[in-house]
Amino acid sequence: MKIYTMTALSILILLLSACGTGTAGEEKSEKLTVYTTVFPLKSFTESIGGDTVQVESIYPTGADVHTYEPTQKDILSYAEGDLFIYTSKALDPVSKKIEGSIGDHTEFFSAADSIPESAYLHTEHDHDEHAHEEAGDPHIWLDPKLSIEMAKSIQDQLIEMNPDQKELYQDNYKALEDDLESIHDAFTEVTEQTERDTVYISHASLGYLANRYHFNQVGISGLNNEELSQQELTQIVEEIKAHDVPYILYEQNITSKVADTVKNETGIEPLEFHNLSVLYDSDEKDATYQSVMQQNIEVIDKALND
C-alpha cells in the first residue's frame, strides 16, 4: 500500500509539472517561488530576493519541527516551486523525505553546504544510567556568524537562477550581512563579562550561541525532547537552588512538563527565548530574523547578567 501511495504521488507530480509547462506565448511568473524549511532561511531569502521572490516556509505557525510531517498535498505544492532551501541533510532530515518524493521537479539547495560538518554541534543525552545518545543540533541559524555564511550561499544561488538581478541580490545581501554582524557584536557585548556563566533552558537549543559566546547551557530536555533521568533532574534542581539561579528559558514551540516541574520545584522565573525554527501567533506579521534575534539578545543578557 505504501509503494502504491508513493507511485501515485509521483504520477500526480509528473502530471502537475506537465500542466505547468504551459504553451508558447503564455506568460511565466517573473518571481521565483521558493520554499524553505526553518524560518531563518525564509527571512534571509526574502531579505536578499526582495520583490523577485515569493517565499514560504513549509512549517505552519507554531509547529513542532521535531514531529512535523508534510502531507501529500503539501509535497505536491513544493514540486511546483522553483527552489527548495534547507540547512543541510544532516541537520534538516525532513528535506530528505521531501526530495525523495519530488525528485528533479524543483531545485534543492543546502544553505549550509559551505559550512564544514566539523562546525555542526552534537549533544549527548543520558536516557538512563548507562544509555547515551548523540543528537545533531539543528539550530545552526542561532549563530549569526554561521547565518552570514548561509545568507551568502542563498545570494549566490539566487544569482545563479536569476542573473539579471545580480546587483540587487548583492546589495540586499550586503545590508543583511551588516545586520547580522551587528547582532554578533551585540551578543559579544552582553556575554563578555557576565554575572553567571550558565543558562538553563527547557530544550537544549542554545548550543551554537553558547559555543560562539562562551557560556554554558543546561537543557532540561534534550534536542529531541528526550526526558531527563530522575538523577539528572534532581541534580539540576539542586544546582538551581544552590546558585540561586533566577531564570529558566522557555521556547515558543516546545512544551516541557519536566521544565515545568523544575520551575515549580525551584520557584525560578521563566523567560521566553525564541529558537526561530518557526514563527507563532504572537509574533509580528512582519517579523524578521533580525527583529526576533534582537529580542533574544535581551533575554540572554537578562539570563546571564540580572
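The structure is a predicted model, in which local features need pLDDT of at least 70 and side-chain atom pairs count only at pLDDT 80 or more, while totals for chains, interfaces and linings use all residues. Residues are numbered from 1 along each chain as its sequence is written, and side-chain values use heavy atoms, with hydrogens and water left out.

Let us start with the whole chain. Its secondary structure comes to 10 helices and 10 strands; helices (H or I, at least four residues) and strands (E, at least two) are DSSP runs, numbered from the N terminus. The chain has 306 residues, and 48% of them count as buried. Here buried means under 20% relative accessible area, exposed means over 50%, and partly exposed is in between, with a 1.4 Å probe and protein chains only. A contact means heavy atoms within 4.5 Å. Of the contacts in the chain with a separation of 6 or more, 67% are between residues 24 or more positions apart.

Next, look at two pairs of helices. Helix α6 covers residues 166-191, and its axis comes within 9 Å of the axis of α10, crossing at roughly 5°. Axes are lines fitted to C-alpha atoms, for helices over the stretch in contact, and angles run from 0 to 180 degrees between N-to-C directions. Angles under 35 degrees count as roughly parallel, over 145 as roughly antiparallel, 65 to 115 as roughly perpendicular and the rest as oblique. The helices α6 and α10 are therefore roughly parallel to each other. Among the residues that meet here are Leu-180, Ile-183 and Phe-187 in α6, and Met-293, Asn-296 and Ile-297 in α10. By class, this contact of α6 with α10 has 11 nonpolar, five polar and two charged residues. In these classes, Ala, Val, Leu, Ile, Met, Phe, Trp, Tyr, Cys and Pro count as nonpolar, Asp, Glu, Lys and Arg as charged, and the others, Gly among them, as polar.

The second pair is α3 (residues 72-79) and α4 (residues 93-102), whose axes come within 10 Å and cross at roughly 70°. These two helices are therefore roughly perpendicular to each other. On the α3 side the contact is made by Ile-75, Tyr-78 and Ala-79, and on the α4 side by Ile-98, Ser-101 and Ile-102. Five of these residues are nonpolar, one is polar and none is charged.

Helix α4 also leads us to a pocket. The second largest pocket has a volume of about 400 Å³, and α4 gives the most to its lining, with three residues. A pocket is an open set of points, on a 1 Å grid over the protein atoms alone, where a 1.4 Å probe fits, with protein on both sides within 12 Å along at least five of seven lines; lining residues have an atom within 4 Å of a point. Grid points are joined across faces, edges and corners, and a volume is the space filled by probe spheres set on the points. The lining of this pocket has 21 residues, of which Val-65, His-66, Leu-91, Pro-93 and Pro-138 lie nearest the centre. By class, the lining holds 11 nonpolar, seven polar and three charged residues.

Now for some single residues. Asn-296 is in helix α10, which spans residues 289-305. Asn-296 counts as buried because its relative accessibility is 1%. Not counting residues up to four places away in sequence, Asn-296 touches Phe-187, Phe-273, His-274 and Leu-276.

With a relative accessible area of 0%, Leu-276 is buried. Leu-276 has a positive phi of about 65° although it is not a glycine. Most residues other than glycine have a negative phi. His-214 likewise is not a glycine and has a positive phi, of about 60°. His-214 lies in the loop between α7 (207-213) and β8 (216-219), and counts as exposed at 71% relative accessibility.

Finally, visit the loop between β4 (107-110) and β5 (122-126), where Ala-112 is found. Ala-112 is buried, with a relative accessible area of 0%. Ala-112 and Thr-87 are 25 residues apart in sequence, and their C-alpha atoms are 5.0 Å apart in space. Among the residues that Ala-112 touches are Thr-87, Tyr-120 and Met-150. The C-alpha atom of Tyr-120 is in turn separated by 7.0 Å from that of Asp-137, a residue in the loop between β6 (132-136) and α5 (144-161). Asp-137 counts as buried, at 0% relative accessibility.
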